[in-house]
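The sequence and structure come next.

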Amino acid sequence: MRRTGSRSNLQGMGTLVFMLVGPIVWTVHLTLIYGSQSLLCALNLGEDRSAGNAAIIAIILVATAVCIAAVGFSAARPGFVHALIARADLPADQAGFIVTIMRVLAWLSILAMLYAGLGAVILPACGQLR
Amino acid sequence: MTQQYPAELPNKGPRPKEELEELERIWATPKGFKLLTVVNNTVVGTIYIGAAFLFFVLAGILALLMRTQLAVADNNFLSQDLYNQIFTVHGTTMMFLFAVPIVEALGVMLLPQMLAARDLPFPRLSAFAMWAYIIGGLVFFSTIFYDMAPKGGWFMYPPLTLTEYSPGNNADFWLLGIGFIEISAIAGAIEIIVGVLRTRPPGMTLAKMPVFAWAMLIFAAMIVFAFPAVILATMLLELERSFGWPFFTAALGGDALLWQHLFWFFGHPEVYIIFLPAAGLVSMMVPTMAQTPLIGYRLIVVALIATGFFSFGLWVHHMFTTGIPGLSLAFFSAASMAVAIPSGIQVFSWIATIAAGKRPFRINVPSLFILGFLFIFVLGGLTGVMVAVVPFDFQAHDTYFIVAHLHYVLVGGMVFPLFATFYYWAPMVSRKMLSERLGRWAFWLMFIGFNTAFFPMHITGLAGMPRRVWTYSGYLGWDLLNSISTAGAFIMATGVLVFIIDLIRNFRLGGGGPENPWNAGTLEFLPTDVYSTRSVPHVTSREPLWDQPDLAQQVREGLHYLPNAPTGRRETIITSVIEAKPQYLMQMAGSSWTHVAAAVFTAGCFLLLTIKAVAIALISGVLAIVSFIVWGWQLDRPDQGEVDIGSGIRLPTYMAGPSSHSWWAMVIVMLVAASLFISYIFSYLYLWIVSPEVWAPAGSPALPPLTYPVNSAILMVFGSVLVYWAGKRLPAAGRLDLPLPLLTPAMLILAAAFLAGSVGVEVLGHLRMGLDPSANSYSAMVYMGSFLTGQAAFATIILCAFACGRLVSKRLDQKRSVTFDNAALLYWYTAGQGLCGLVLIHGFPRVIG
Amino acid sequence: MSKGRLRTTVSAGLLVLLAGCNQEQSTFAPTGAEAERINVLFWVMTIAGGLILVGVIVLSAVAIRGREALRAPLSGERFIRGAGIAFPAVVLSMLLVYGFVILGAGASAPPSDNGIRFAIRGEQWWWRVTYFDADGNSFESANELHVPVGQPVRLELTTADVIHSFWAPRLAGKLDMIPGRTNILTLTATEEGVSRGQCAEYCGGAHAFMSFHVVAHTSEDFEEWMAKESGPAVKNENERAERGGELFLDAGCGGCHTIRGTAATGAIGPDLTHVGGRRSLAAATLPNSAGAFADWISNNQHIKPENKMPPYNIFTQSQLEDLALYLESLK
């Protein structure tokens with residue numbers, strides 16, 4: 001960038017994104033599990049139900065595990081993840097606030113992802129259940 | 001914590017008298033007829049709130065008509081057709097013309113005061129949004145008087161709203177009227193995001209921001225991502241109604257559920273879009289009433305953000321009975337549970353704050369409304385959790401149980417805090433406070449009336465009464481419950497009437513009212529005038545007025561930042577996003593007719609299109625574009641050199657690139673466009689899943705040969721490179737003797753032509769293959785992609801032409817480059833979107849084929 | 001048992017509020033397997049929710065007016081973390097699992113083994129009901145669904161026009177009828193008797209008048225009913241009714257309506273073969289009587305505005321009576 005002062009504002013944008021890591025991964029998680037389940041159920045109709053169903057459940061559980069691990073890692077190593085996203089250190093006097101927000105959001109997102117993944121443990125993959 | 005209160009105040013007193021006079025002159029509110037041109041946030045905010053409140057009263061009157069009709073069984077007070085129109089207009093008006101606008105209005109009104117900014121960063125944009133909304137809203141609402149109102153419900157489900165089942169213009173009024181109110185909502189959202197992130201006072205870091213500013217930031221961000229889905233939905237439905245592009249007709253490969261997905265992807269976040277700012281207001285008022293800082297500030301911020309996100313994962317819970325697989329429903333049931341936790345956090349934070357407060361806890365009108373809100377909202381939240389449990393929703397869905405639930409959440413969650421807000425913040429703009437006595441009457445009537453009206457509906461619904469029925473048989477025995485509800489509705493309306501009487505008796509616009517009557521801790525209770533605060537305070541805590549007892553006096557005497565108008569025009573301090581360090585002084589636009597004309601002609605264009613007066617509509621559209629161009633031409637004023645704002649801080653008065661407020665606004669515009677396009681990609685893939693049989697290559701004409709998309713792509717890439725080169729060849733500031741001075745504008749024109757050509761080539765390719773947009777959902781989706789890219793290209797081309805005009809007239813150079821930056825950003829965005837579209841349209845069928 | 005008794009007591013209290021409320025369309029009086037499960041779920045949630053609401057009110061009252069010692073534990077972040085995060089997380093987790101289990105229970109009903117299928121098609125603003133027996137023979141009826149008690153029955157829900165929603169509250173939750181799709185709802189009636197249902201998705205104009213009855217019979221009665229209902233219309237000996245039958249054909253009613261065993265074979269409106277034996281007219285808008293038939297034929301746009309049948313004012317009063325007598329006699 002050719003202008004001065006631009007770095008701090010782009011880093012600011014990065015810090016905002018960093019705070020939102022948990023919910024952003026939650027968004028990805030929901031898109032993944034709902035998208036793949038809907039798609040595979042639509043395509044799987046009339047084919048061998050049991051194998052296809054097992055595959056869908058497996059996808060959901062793996063996606064849930066991976067996403068939870070990713071968010072858990074971010075909550076455990078905030079400095080590293082911030083550097084990755086914002087290409088800068090956390091602003092020293094704001095670090096406490098920013099990391100707290102990021103961590104609590106991360107835990108809430110993990111809970112939300114657990115809730116969604118729980119469905120795959122209890123329910124069949126494609127049945128209308130009516 | 002490490003932030004230190006400046007050892008000395010930023011500026012020395014006493015300030016020269018002329019400074020104040022100059023500020024008053026610069027920020028003066030236009031008088032008389034010219035009041036229409038006003039942009040000052042307190043005046044615009046007051047008109048905006050007034051208009052939204054008017055719609056609240058009007059839609060409330062419709063509710064009373066409906067309750068009268070339903071008071072007894074087999075009633076004929078309203079006809080079936082009129083009732084269907086009335087419930088549609090009631091819902092639409094409350095959601096689109098009252099709830100969202102009044103929250104934006106409160107943002108316009110309160111944010112600059114809370115942030116001690118002179119005004120929001122794009123004052124004309126908020127005034128434009130307001131006028132567009134008032135004109136569009138009034139025309140939309142008036143259709144109820146001519147039997148022309150839509151009658152498909154506020155959710156407008158196709159196929160009921162397709163021409164076959166809804167002939168006439170009624171449904172079009174909804175689509176175009178609302179489509180354009182959506183646009184004004186987005187305009188407001190851009191304003192609010194940039195305002196909260198960049199116009200905070202020095203020292204107000206993210207951690208010190210008032211909760212309302214957090215809430216508004218999230219509110220606006222949600223609008224950016226939620227509204228494009230419904231904008232796309234309204235476009236698709238209008239295209240199907242007008243030109244027969246079958247997006248929703250099952251026989252031609254469309255699907256009625258596509259509308260529901262798009263509508264509720266907007267519609268559910270919408271509920272939280274309405275609720276979050278209200279919760280933010282409560283989080284501002286509770287600490288004042290308790291006279292203690294908010295307990296759990298960080299948790300509340302977390303709750304607001306989490307609600308903002310999770311609310312996007314709930315939309316299918318409006319579709320639990322459509323027959324989609326149970327596990328899909330489970331995902332959304334899970335998210336509906338998860339979103340309850342942030343609400344719990346907020347409720348218990350407020351209780352904790354009250355418990356921690358000074359004794360006795362003050363019971364006055366605002367706190368009564370807050371306590372009423374707490375009760376109603378908790379009850380509504382609990383029934384919300386109930387309907388989030390899928391099997392229960394199978395019974396409750398579309399019954400009066402839901403009517404009860406949604407009114408508990410919306411009236412409880414939003415209207416009660418709003419009335420608290422009216423009483424609490426009225427002294428900020430009124431010379432007199434509202435009456436404590438009338439206010440208590442209003443509260444008790446509203447509270448008792450509300451619960452009498454809506455609590456029985458839980459039972460009515462489970463006793464079997466569906467929603468949206470204009471009458472019911474006496475034999476079913478729902479009379480008593482319905483009569484009670486009707487009585488409650490009238491009691492509640494009496495409460496609103498008492499409030500209106502209070503307004504008439506006591507609300508007098510103008511300064512000089514009691515200063516900080518509640519002893520609040522936040523900046524909006526600093527002494528203000530037309531220019532907002534005399535000087536911009538250095539903020540060191542969340543409740544500056546409590547922690548710095550002399551602050552009001554210092555600010556009034558101009559001892560803080562920017563006690564004057566160094567550029568001789570309207571201006572405000574722009575600070576950095578996280579730490580709120582002063583970065584530059586923004587020169588702001590003042591009163592003008594341009595945005596008023598733009599609003600009138602935009603509204604005219606949409607509304608004339610609705611009644612199919614295409615020729616006049618196009619003229620109106622052209623006039624609107626001209627108004628926008630004149631408006632834009634007056635902006636981007638040249639650098640005025642560095643100025644001193646106090647404490648020896650010298651700020652530039654011009655900024656381009658990623659630090660400029662304009663760059664941030666453009667990024668948000670791009671996010672809006674991107675969410676629109678992502679909604680489109682979703683729709684394309686969704687319809688493919690539903691109807692793969694109409695997809696090329698099997699069910700439709702073959703795709704054009706690859707030369708078409710490749711040429712289209714080459715044009716866009718070349719255009720983008722040209723724009724980049726043009727950016728390298730901007731004239732140096734103050735130097736006019738560049739070799740070949742017309743080369744740069746010529747490059748821009750050529751780039752614009754390439755963009756138009758690229759869209760043209762793409763459309764031509766499909767036409768050549770004989771693809772007819774009305775043949776099936778696939779063909780309609782193919783052309784829809786070009787339609788969206790064409791729309792973005794149209795805006796880009798106008799911006800490029802505009803930049804050329806600025807170049808040729810020597811208003812654009814390497815330093816003063818905001819106009820060019822905006823055009824370039826939008827160009828690259830459009831090219832990127834176009835390329836994604838080409839990959840989808842030409843790649844996807846080849847992959848599956 | 002005691003939980004059941006508590007529920008009965010609370011229900012009784014509610015019934016006072018429902019004073020005069022007819023229970024024919026009420027979820028509070030379930031007579032089907034799914035509706036029973038959901039009713040239990042409702043009471044569990046309502047009681048738990050009620051307790052939570054009372055808890056919040058008490059805490060608020062303590063926060064506002066409580067003594068210092070009572071308020072102290074409420075006034076910190078620890079309280080928010082406990083009451084606002086931990087407590088809801090625990091309660092919601094339990095509720096979520098319970099909800100999933102009830103949802104999963106919807107899949108457990110095995111299809112009935114007698115091979116009977118039911119197709120219900122929503123049309124603006126009535127219900128076309130088609131019965132298929134084990135041999136694939138089918139016959140049509142309207143606005144009334146007859147099912148055997150104790151056997152899961154499969155309903156194939158479709159629509160002819162806009163979205164409707166099939167809702168028989170005492171038997172099960174609702175399921176939408178969506179263009180281009182067939183939704184399957186499995187119902188199991190647990191008690192004999194008649195209940196009422198209604199369209200639950202706004203479907204335009206006369207949405208309020210789109211209701212139906214569900215009649216649950218014992219298996220033997222159901223088979224008897226099927227045998228009778230699948231047959232042609234009964235011949236009538238009454239002279240006036242006979243004249244009415246001729247009038248029906250001469251006036252062209254057969255262009256839209258079918259009466260099996262006669263020349264009337266229209267498929268636009270409801271099948272009237274056994275219309276006199278149904279519990280109501282015009283999708284549970286009118287009671288079934290000769291007077292109601294006459295009223296409907298001449299005055300239907302007033303009774304049920306916008307319905308697709310034009311009003312017929314071409315008949316004299318005595319012709320109208322004949323026609324009504326004929327239709328009423330089609331038991």
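Over all chains the count is one disulfide, where a disulfide is a pair of cysteine sulfur atoms within 2.5 Å. The bond joins A:C41 to A:C126, with an S to S distance of 2.0 Å. Its S-S torsion is about -85 degrees, so the disulfide is left-handed. A:C41 lies in helix α2 (residues 21-44) of chain A and A:C126 in the segment after α5 (95-122) of chain A, so the pair ties together parts 85 residues apart in sequence. Helices here are DSSP runs (H or I, at least four residues), as are strands (E, at least two), numbered from the N terminus. A:C41 and A:C126 are both buried; buried means under 20% relative accessible area, exposed over 50%, and partly exposed in between, with a 1.4 Å probe and protein chains only.

In chain B, B:C800 is in no disulfide, and the nearest cysteine sulfur, that of B:C804, is 6.9 Å away. B:C804 is likewise in no disulfide. B:C800 has 1% relative accessibility and counts as buried; B:C804, at 6%, counts as buried too.

## Basis of the values

This is a predicted model, in which local features need pLDDT of at least 70 and side-chain atom pairs count only at pLDDT 80 or more, while totals for chains, interfaces and linings use all residues. Residues are numbered from 1 along each chain as its sequence is written, chains are lettered from A and ligands numbered from 1 in the order in which they are written, and side-chain values use heavy atoms, with hydrogens and water left out.

## Helix α21 of chain B

Helix α21 of chain B (residues 707-728) has 22 residues and should span 32 Å at 1.5 Å a residue; its end C-alpha atoms are 31 Å apart, which agrees. The expected span is 1.5 Å times one less than the number of residues.

Buried residues of α21(B) include B:Y708, B:P709, B:M716, B:L722 and B:V723. Among the elements that cover the buried residues of α21(B) are α22 (743-768) and α24 (818-848) of chain B.

## Interface of chains A and B

Contact (heavy atoms within 4.5 Å) links 54 residues of chain B with 53 residues of chain A. The two chains bury about 4,300 Å² between them, 77% of it on carbon and sulfur atoms; buried area is the accessible area (1.4 Å probe) that two parts lose on being put together, summed over both. B:F309, B:L327 and B:F331 supply 16% of the area that chain B buries against chain A, more than any other three residues.

The count of salt bridges between chain B and chain A is zero, a salt bridge being a side-chain nitrogen of Lys or Arg within 4 Å of a carboxyl oxygen of Asp or Glu. Four residue pairs are in polar contact, both residues at pLDDT 80 or more. A polar contact is a pair of N or O atoms within 3.5 Å; within protein, one must be able to donate a hydrogen and the other to accept it, and residues adjacent in sequence count only if both atoms are side-chain atoms. On the side of chain B that touches chain A, α5 (170-198), α8 (297-310), α9 (326-338) and α20 (661-690) of chain B each supply at least two residues. The largest share, ten residues, comes from α9(B).

## Interface of chains B and C

Here 82 residues of chain C are in contact with 85 residues of chain B. Chain C and chain B bury about 6,700 Å² between them, 69% of it on carbon and sulfur atoms. There is one salt bridge between chain C and chain B, formed by the side chains of B:D255 and C:R181 (2.5 Å, N to O). The rule also finds 22 residue pairs in polar contact across this interface.

α1 (2-17), α2 (33-65), α4 (77-105), β7 (175-177) and β9 (193-198) of chain C each supply at least two residues of the side that touches chain B. The largest share of that side, 17 residues, comes from α2(C). C:M45 is found in helix α2 of chain C and, at 6% relative accessibility, counts as buried. Not counting residues up to four places away in sequence, C:M45 touches B:M386, B:V389, B:F392 and C:L95.

## Backbone features

A cis peptide bond joins B:G13 and B:P14, with omega about -10 degrees. Another cis peptide bond joins C:Q124 and C:W125, with omega about 0 degrees; C:W125 is found in the loop between β1 (117-123) and β2 (126-132) of chain C.

B:M156 is not a glycine, yet has a positive phi of about 50 degrees. B:M156 lies in the loop between α4 (123-142) and α5 of chain B and counts as buried at 1% relative accessibility.
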